Amino acid sequence: MKIAVLVKQVPGSESPLIINSDHKWVDEGAIAYVMNESDNYALEEALQIRETKGEGEVVVVSLGPVRIQKVIREALAKGADRAIHIQMDTVGEVDPLLTASHFVNVLKEENFDLIFSGLQSDDVGMGQTGILIGELMDMATASLAIKTEVEDGYIKVKRELEAGWFQWVKMSLPASISIQSGLNTPRYPSLKGIMGAKKKEIKVVEPNSNKSKQSLEKVYLPQSDKQTVMIEGTVDQMVEKLIDTFRNDIKIF
Amino acid sequence: MKILIMLEDNNGKIHRMGLESIVAAQKMASELNGELGAVVMGKNADALADEAASYKLDEVIKVKDSLLDNYSADGYAEAVKQIIEKENPSYVLFGHSYQVRDYAPKVSAKLMQPFLVDNVAVKVENGKAVFTKQMFNAKLFSDIVPNGEGPYLISFQSAAFSSDALERGSASIIDANIDLDSSMIKTESEPPFKEEAGGLDLTAADLIVSVGRGIGKEENIPIAQDLATALGAELASSRPVVDAGWLPSAHQVGSSGQSVSPKMYLALGISGAIQHMVGMKGSKNIVAINKDPDAPIFEVADYGVVADVLELVPKLTEAL
């Protein structure tokens with residue numbers, strides 16, 4: 001069982017986001033980066049499948065500049081066997097078809113049984129790379145996976161539908177599955193894992209020269225037409241004003 | 001110039017987000033001077049076509065094929081691809097539903113045409129549509145344009161357009177034939193099922209206290225529960241709290257949980273990810289308490305408090 005996991009490095013949920021003066025992207029130097037949340041779950045699912053089967057290989061595949069080797073090392077420390085780094089600048093890049101084509105170039109060189117990806121990235125959030133890759137490689141695909149069962153030659157996936165509905169979908173391998181957050185409990189790297197990760201291979205490859213099919217024109221702060229009444233003061237004053245708002249404005253008492 | 005709208009089936013009725021896409025399409029068509037076609041598929045296509053024909057559209061395209069009776073990503077993607085090739089639209093609009101997230105990227109890959117997803121607005125500049133999408137977990141907005149020749153695939157976020165603005169009319173219904181073959185469908189699907197939500201119906205609640213990641217740890221959940229009890233409110237949560245196992249999934253509000261519209265929605269330490277906001281934007285009064293003044297939740301809040309919930313909430317409960 002050979003599983004590729006696509007892992008992206010994204011700004012942490014509390015990272016500062018400073019828009020560049022040309023409004024084309026954010027200041028990457030100011031960002032505190034982490035592993036994309038749903039990718040972390042996808043990685044854990046792949047590691048658990050390998051451990052349950054007692055055989056196989058988990059390969060991390062990531063795209064981005066040199067800085068992303070931090071999350072690649074983290075994934076290796078958690079137990080991935082090796083990594084492939086498609087090294088390229090991604091400032092202002094938003095086209096998922098282009099991203100998918102970079103991954104396909106690399107993935108087609110190896111015979112993966114499964115390609116796992118997180119449902120969507122917490123930065124650009126296009127939410128389609130894993131499905132695009134599966135389709136471009138003529139594989140079966142499924143999104144929003146919240147449970148997986150791998151058997152000989154096929155995988156069963158419990159998919160999340162809307163409003164509390166679910167569905168089991170079965171497909172032959174190879175398949176590309178996008179993973180929803182929350183389906184397992186991602187591990188932390190062990191000290192031994194961190195030490196061992198230093199010896200694991202990170203193969204660096206070049207991107208292709210395809211062109212973007214969608215472009216970012218500008219990034220800006222949200223414009224809201226809603227007037228928010230801000231309640232300010234010391235904690236005691238805020239408590240008092242909140243209760244007054246509950247009583248006299250929202251009228252819940 | 002033609003715009004096609006893909007309408008999703010929701011048990012024999014047009015999915016709410018499909019109606020919202022018709023509104024988006026009507027707006028785009030009036031600004032870009034285009035024709036409008038709506039596409040319905042699947043076992044309820046007849047009923048959906050009749051419903052769609054009552055809106056201001058040029059035509060409703062009905063696609064029936066036994067392989068589309070039950071949803072499959074491959075079947076739907078292939079069918080939509082063939083319709084696009086026949087109709088040659090400039091834009092194909094979708095609601096950004098879970099089903100669309102599952103199959104529409106495959107249409108994009110089959111046609112090698114861009115799919116601009118989850119947009120909250122569209123504006124026309126110099127005869128060209130520019131789409132607005134939230135990024136970085138809704139903390140920033142971005143304007144995105146498709147490159148090259150169409151068709152362009154576009155999806156809109158839930159509630160980006162209000163179906164109250166739907167223009168009525170009378171459209172003709174035409175049948176379209178497509179060529180599907182069972183070998184194209186690589187998955188076998190079991191029937192969808194509903195999982196017991198644990199008996200907690202938040203949709204009927206008048207007051208909701210909802211807790212997010214900002215509560216810090218499972219041991220702090222009682223702080224929110226105590227406030228809910230003091231207010232006579234139901235306790236709800238955002239997805240990360242459920243994912244972490246701090247509350248059962250029955251408490252979850254958002255696209256994968258319940259959609260609520262109480263008199264007051266009090267959000268404690270919830271940053272306001274898109275997936276959460278679509279489930280609570282309809283609340284009559286939204287009060288947000290968060291220590292991050294830039295949290296996106298403040299954009300939808302009627303009342304905002306920048307404070308640490310762990311410090312403020314126990315005092316608030318005590319004062320009630």
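**View 1. Strands β17 and β18 of chain B pair in the parallel sense.** B:Val287 has B:Tyr303 in β18(B) as its bridge partner. Strand β17 covers residues 285-290 of chain B, and strand β18 covers residues 303-306 of chain B. Four bridges join them. Two strands count as paired if DSSP finds at least two bridges between them. Helices (H or I, at least four residues) and strands (E, at least two) are DSSP runs, numbered from the N terminus. The model is predicted: local features need pLDDT of at least 70, side-chain atom pairs count only at pLDDT 80 or more, and totals for chains, interfaces and linings use all residues. Residues are numbered from 1 along each chain as its sequence is written, while chains are lettered from A and ligands numbered from 1 in the order in which they are written.

**View 2. An open sheet of six strands draws on chains A and B.** The order is β13(A)-β18(B)-β17(B)-β16(B)-β14(B)-β15(B), with parallel pairing. At the edges are β13 (229-230) of chain A and β15 (234-237) of chain B, each pairing on one side only. Helix α5 (residues 221-231) of chain B lies across β14 (207-211), β15 and β16 (264-268) of chain B. This helix runs at about 175° to β14(B). Axes are lines fitted to C-alpha atoms, for helices over the stretch in contact, and angles run from 0 to 180 degrees between N-to-C directions.

**View 3. Chain A and chain B are in contact.** Chain B supplies 65 residues and chain A supplies 61 residues. Two residues are in contact if their C-beta atoms, placed from the backbone, lie within 7 Å. On the side of chain B that touches chain A, helix α4 (residues 98-111) of chain B gives the most, with eight residues. That side of chain B holds 34 nonpolar, 13 polar and 18 charged residues. Ala, Val, Leu, Ile, Met, Phe, Trp, Tyr, Cys and Pro count as nonpolar, Asp, Glu, Lys and Arg as charged, and the others, Gly among them, as polar.

**View 4. Strand β9 of chain A pairs with strand β12 of chain B.** A:Lys170 stands opposite B:Glu188 in β12(B).

**View 5. Helices α3 and α4 of chain A cross at roughly 55°.** The axes of α3 (residues 96-107) and α4 (residues 129-136) come within 9 Å. That angle makes α3(A) oblique to α4(A). Angles under 35 degrees count as roughly parallel, over 145 as roughly antiparallel, 65 to 115 as roughly perpendicular and the rest as oblique. The contact includes A:Phe103 and A:Leu107 of α3(A), and A:Leu132 and A:Ile133 of α4(A). By class it has nine nonpolar, two polar and no charged residues.

**View 6. Helices α3 and α4 of chain B cross at roughly 50°.** The axes of α3 (residues 73-87) and α4(B) come within 8 Å. The two helices are therefore oblique to each other. Among the contact residues are B:Tyr76 and B:Lys81 of α3(B), and B:Asp102 and B:Lys106 of α4(B). The contact divides into eight nonpolar, no polar and four charged residues.

**View 7. Chain B has domain 1 (2-184) and domain 2 (202-319) in its domain assignment.** Such bounds come from an automatic or database domain assignment. The centres of the two domains of chain B, taken over C-alpha atoms, are 33 Å apart. Seven residues from domain 1 and eight residues from domain 2 of chain B make the contact. The domain 1 side has two nonpolar, four polar and one charged residues.
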